[in-house]
Amino acid sequence: MTAALEIDDLWVEAGDPDDPLVLVRGVSLTVAAASVVGLVGESGSGKTVTCMASLGLAGRGVRITGGSVRAQGIELVGADERTLMRVRGGVVGTVFQDPLSSLNPLQRIGDQIAEAVMLHHGGRRRSHHARVVELLAKVGVPAPEQRARAYPHELSGGLRQRVAIAMALANDPALLVADEPTTALDVTVQAQVLDVIRSATRDEARSALIVTHDLGLVAEVADRVAVMYAGQIVEEGPVASVFQDPQHPYTRGLLASRPVLAAGRRRLGAMVGRPPLPGSWPAGCAFAPRCPVATGACGEAPPIRTSDQGWSRCWHPGSGETTATSRAEEGAA
Amino acid sequence: MRRRGIDLRLWVPLGVLVLTIVACFVGPMLLGPEAGQQALGERLAPPAWLPGAIDGRPLGTDAFGRDMLTRTLEGGQVSLQVGFGAATGAVLVGMVLGLVAGYWGGWCDRVIMAGADIWLAFPFLVIALAAVAVVGSDIPVLIVLLTLGGWVLPTRVTRTIALRVRSEDYVVAAAGAGASDLYLVRRHVLPQVLPANLVVWSFTVGALVVIEGALSFLGLGVKPPTASWGNIIADGTPYLQTAWWIVAWPALMIVVTVICANALGNALRGRWNAGADVIDKEVVP
């Protein structure tokens with residue numbers, strides 16, 4: 001079966017071609033049919049750029065300089081505009097972070113969903129009204145007939161994100177790409193939107209690539225997780241095994257800095273330093289300057305270690321008990 | 001901004017402009033063709049309230065005995081056609097160029113904006129003089145000429161807004177739904193540049209009515225006996241000390257039209273706050 005999305009050694013850069021700013025360094029990632037992959041990492045790690053560049057939506061000045069991206073077997077890197085237009089919305093539905101700004105404030109939401117249908121099925125906006133109401137009902141918008149006539153500002157953030165998801169699902173795409181779909185929402189609403197995404201993927205055997213920095217979201221909806229740092233994927237594997245036995249020290253740090261209710265009152269773990277910005281990524285292992293287990297070997301690019309289910313990019317995989325946690329405990333004492 | 005009732009700042013100038021247009025195009029028909037004929041026995045008659053006035057010539061007559069009311073209204077037909085026509089042309093040209101420059105960017109943008117800068121560096125009246133000398137000066141020529149005189153402002157305003165809108169999330173989202181560039185421009189960018197361009201259009205009408213007046217005053221406008229506000233003023237200048245009314249009425253009409261066009265532009269800008277910052281930045285005094 002064809003994978004929904006196959007990113008193979010993708011390189012992305014921006015700015016002056018003679019002095020480029022490298023944003024993504026050889027990312028390879030596969031979203032298998034009917035599976036959900038979470039792509040996590042801090043701001044500036046290149047996770048959004050990876051998704052947007054794959055679909056040719058990264059904007060002017062952002063170039064793919066190498067690699068290949070196939071959606072349902074269709075090559076997207078170097079593809080002509082016609083192919084990209086057919087894939088966007090048709091094969092791949094996209095949901096953006098901020099549901100207010102991703103809807104046109106001047107258009108009724110029904111018209112915007114109808115537009116997404118119309119772009120792939122032709123006809124007039126009005127002739128797709130039944131489909132619009134069906135989509136709104138599917139993503140759990142109450143009174144869809146009436147709501148179709150509302151403008152974005154008349155809806156709450158949660159409803160707006162449901163509308164954005166309805167737009168993405170308009171043409172029954174095989175793959176849903178969601179860029180931080182819950183980040184801009186209240187916590188209570190996040191759970192509801194998560195349910196919508198879950199039913200759109202699990203219940204309909206649809207694949208999804210979900211970009212987020214919310215590890216809880218990944219644990220709830222994703223089958224596999226890829227951790228990105230400084231333009232590279234540093235660890236990839238099934239959610240259960242990565243969360244229980246993280247191989248890369250960065251993954252361990254991320255997991256340790258997550259609040260856990262059951263742990264009672266304790267200081268949250270925190271990683272030292274800040275994530276490096278594009279253009280100032282250290283040579284060798286980019287995480288080495290912040291890494292609690294770094295050694296001299298980390299000045300060299302780390303090897304890729306594959307386990308039976310995933311892989312990581314580290315000189316010292318799996319070593320050292322969750323150091324960030326222990327350091328945090330020392331701080332609390 | 002939006003108060004209960006009628007917004008006078010918008011409706012007064014709009015009303016006066018509409019009234020002016022209707023008067024100029026309908027008025028001469030009501031007054032009859034006789035009033036515009038030369039009548040040497042009735043030369044330089046003063047307006048109705050001054051001694052020596054002639055019945056049926058409320059605003060006086062000119063040096064050929066023609067009724068000033070009729071002449072002023074007929075002159076308005078030319079000035080308003082050229083002013084409104086050229087402003088409309090300038091805004092249409094400017095929107096197309098501005099959308100191309102702002103949305104597609106790259107070399108299109110550089111060529112168009114460099115063209116705009118170079119164009120502004122030329123003294124427009126000199127170019128107009130040369131053009132009129134070569135191709136003559138009927139109304140269509142004047143409209144094209146003044147379109148060239150006014151395209152830079154709407155181009156810049158449109159470009160600036162398009163540049164901002166094209167990277168809005170909802171445009172990227174529509175692209176992500178499979179929309180083509182042309183569709184995105186038409187459906188998502190164009191509606192955002194329209195209000196600002198209506199404001200620019202209004203200001204441009206005012207500016208171009210003045211320029212048309214200047215051209216006609218210099219003898220570069222429509223040829224007499226066809227009247228235009230500018231050439232009536234030119235004809236009346238030698239009589240300024242004895243028959244001030246020949247110059248006064250068309251001059252007054254130019255002033256009223258320009259003030260109303262600018263006031264309308266201001267009111268529209270206040271009403272649709274969107275784009276106001278762009279317009280303020282681009283209208284260099």
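Biologist: Which residue does Glu204(A) form a salt bridge with?
Modeller: In this predicted model, Glu204(A) pairs up with Lys138(A) in a salt bridge. Their closest N and O atoms sit 3.4 Å apart, and the cut-off for a salt bridge is 4 Å, so the pair qualifies.

Biologist: How many salt bridges does the rule find across the interface of domain 1 and domain 2 of chain A?
Modeller: The rule finds 2 across that interface. There are also 8 residue pairs in polar contact there, with both partners at pLDDT 80 or more.

Biologist: OK, and which elements of domain 1 touch domain 2?
Modeller: Those giving two or more residues to that side in chain A are helix H2 (81-87), strand S7 (175-179) and helix H7 (187-201). H7(A) gives the most, with 6 residues.

Biologist: Let me back up. Where are the two domains in chain A?
Modeller: Domain 1 comes in two stretches, 5-91 and 173-332, while domain 2 covers 97-172.

Biologist: How far apart are their C-alpha centres?
Modeller: The centres of domain 1 and domain 2 of chain A lie 29 Å apart.

Biologist: And how many residues are in contact?
Modeller: In chain A, 22 residues of domain 1 are in contact with 15 residues of domain 2.

Biologist: Last one: what area do the domains bury between them?
Modeller: About 1,400 Å² for domain 1 and domain 2 of chain A, with 62% of it on carbon and sulfur atoms.

How values were computed
Residues are numbered from 1 along each chain as its sequence is written. Chains are lettered from A and ligands numbered from 1 in the order in which they are written. This is a predicted model: local features need pLDDT of at least 70, side-chain atom pairs count only at pLDDT 80 or more; totals for chains, interfaces and linings use all residues. Side-chain values use heavy atoms; hydrogens and water are left out. Domain bounds come from an automatic or database domain assignment. Contact means heavy atoms within 4.5 Å. Buried area is the accessible area (1.4 Å probe) that two parts lose on being put together, summed over both. A salt bridge is a side-chain nitrogen of Lys or Arg within 4 Å of a carboxyl oxygen of Asp or Glu. A polar contact is a pair of N or O atoms within 3.5 Å; within protein, one must be able to donate a hydrogen and the other to accept it, and residues adjacent in sequence count only if both atoms are side-chain atoms. Helices (H or I, at least four residues) and strands (E, at least two) are DSSP runs, numbered from the N terminus.
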